[in-house]
Amino acid sequence: KLQWRVLGIESSCDDTGAAVLRGDGKILGEALASQAGIHEQWGGVVPRLAQEGHRKAIDETVEEALRRAGISAAELSGVAVTVGPGLGLCLEVGVRKALHIAAEYRLPLVRVHHMEAHMMVTRLPQSPTPAEGFCGPAFPILTLLVSGGHNMAVLTRGVGQHVILGSTIDDSIGEAFDKTARVLGITQVPGGPHLERLAKDGDPKVHPLPKPLSKTRDKVLLEGCDYSFSGLKTAVRTLVEKELPSSKAAALSEEGLRKAQADIAAAFQKVAVQHLCERASRAAGWALELEPCTKWLVVAGGVAANQEVRKGLQEVAEEYSLQMRCPPPRLCVDNGVMVAWAGIERLVLGLYEEPPSKDGADNHVEI
Ligand code: KG4
Ligand code: ZN
């Protein structure tokens, strides 16, 4: 098993990722084709365009991962692919490719849940030697998934055994970062990392913004682990309309405008992170009640790259004596490595499908 070579394919959103991992977690080869630049003018990921991007990139990305690993597809032990959640049109491209390879070389096929992959990649052994085994977080694990598509607090008892403690009732935190970035005139997609950069130059105290779910009459929402970011996003929009209408913005110097935008970005980020941490803190309490031996807090998904998010959640972890683990930034975003690793963990447990038939008659993986 330690010598297995598993190909992982990711195509759920706007990045085409592929990687070949050895059974012990060593990354043999990886490749990522980003669609940065394609969706900017539309202000968000356009499914049809993203699908086209994946179609153009998929063969070359998989080949590059194999080439870097120094092996051919015939030498693989299995293929893992993200089957959801994500954009159906995009997932389909990766799934087709995986089915094709698995059928061609008679390989077991592993369906991978995108969120499980984001979380499991933290269990990837850092310096694998067979004797060490897994040196990543052990189950049970409390995971916060903070990405563009999802915002969840999950208690994981084992592979595929998840209890969702809280999720967003409207936007995800990544979405809120991206939409707020747009309101602040940031044109790059996704805007989240650019908003973080802008916020570094701002003073969060200039504009107090309302704390999400602090005034709801719904007791479950008030006292629970769920998230809400759309009210905050709207509050920023209203603030920008009031403080920085185009007439006022035009009158400011470039520097003055940037400072005004930075103050708003900082105010947004502060409240968003506070909300995330308040709810994460409750989720930690709930997780420890359900599984008192929980020792790990995993923070995964694109927003885990945000320094303020990390700082805030580190404090939560310390308060509950949990050890926090985030994937390295390179593995925080969508990538093939996390899919291959989640695939290996599933293969070990026998959670795979027999090779699909070559004629394609029964080749159907539900997305
Ligand atoms: O996990 P991911 O790559 O894709 C999925 O959504 O599944 O996450 C992308 C999200 C985007 O919303 C992006 O703006 C956000 O993560 N993001 C950040 C930062 N880096 C990425 N948000 C805030 N600060 C960052 N540094
Ligand atoms: Zn993702």
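**Exercise 1. Describe the contact between domain 1 and domain 2.**

Solution. Twelve residues of domain 1 are in contact with twelve residues of domain 2, where contact requires C-beta atoms, placed from the backbone, to lie within 7 Å. The model is predicted: local features need pLDDT of at least 70 and side-chain atom pairs count only at pLDDT 80 or more, while totals for chains, interfaces and linings use all residues. Residues are numbered from 1 along each chain as its sequence is written, and chains are lettered from A and ligands numbered from 1 in the order in which they are written.

Step 1: bounds. Domain 1 comprises 5-138 + 330-348 and domain 2 comprises 141-294; these bounds come from an automatic or database domain assignment. Their C-alpha centres lie 28 Å apart.

Step 2: elements. On the side of domain 1 that touches domain 2, helix H3 (114-120) and helix H12 (336-348) each give two or more residues. H3 gives the most, with three residues. Helices (H or I, at least four residues) and strands (E, at least two) are DSSP runs, numbered from the N terminus.

Step 3: classes. This side of domain 1 has five nonpolar, four polar and three charged residues. Ala, Val, Leu, Ile, Met, Phe, Trp, Tyr, Cys and Pro count as nonpolar, Asp, Glu, Lys and Arg as charged, and the others, Gly among them, as polar.

**Exercise 2. Locate ligand 1 and characterise the shell around it.**

Solution. Step 1: members. The shell holds 19 residues, each with its C-beta atom, placed from the backbone, within 6 Å of the ligand. The closest are Ser 147, Gly 148, Gly 174, Gly 192 and Gly 302.

Step 1: elements and classes. Helix H4 (173-183) and helix H5 (192-199) are the elements that give two or more residues to the shell. Seven of the shell residues are nonpolar, nine polar and three charged.

Step 2: position. Ligand 1 lies between domain 1 and domain 2, because both give residues to its shell.

Definitions and conventions: Two residues are in contact if their C-beta atoms, placed from the backbone, lie within 7 Å.
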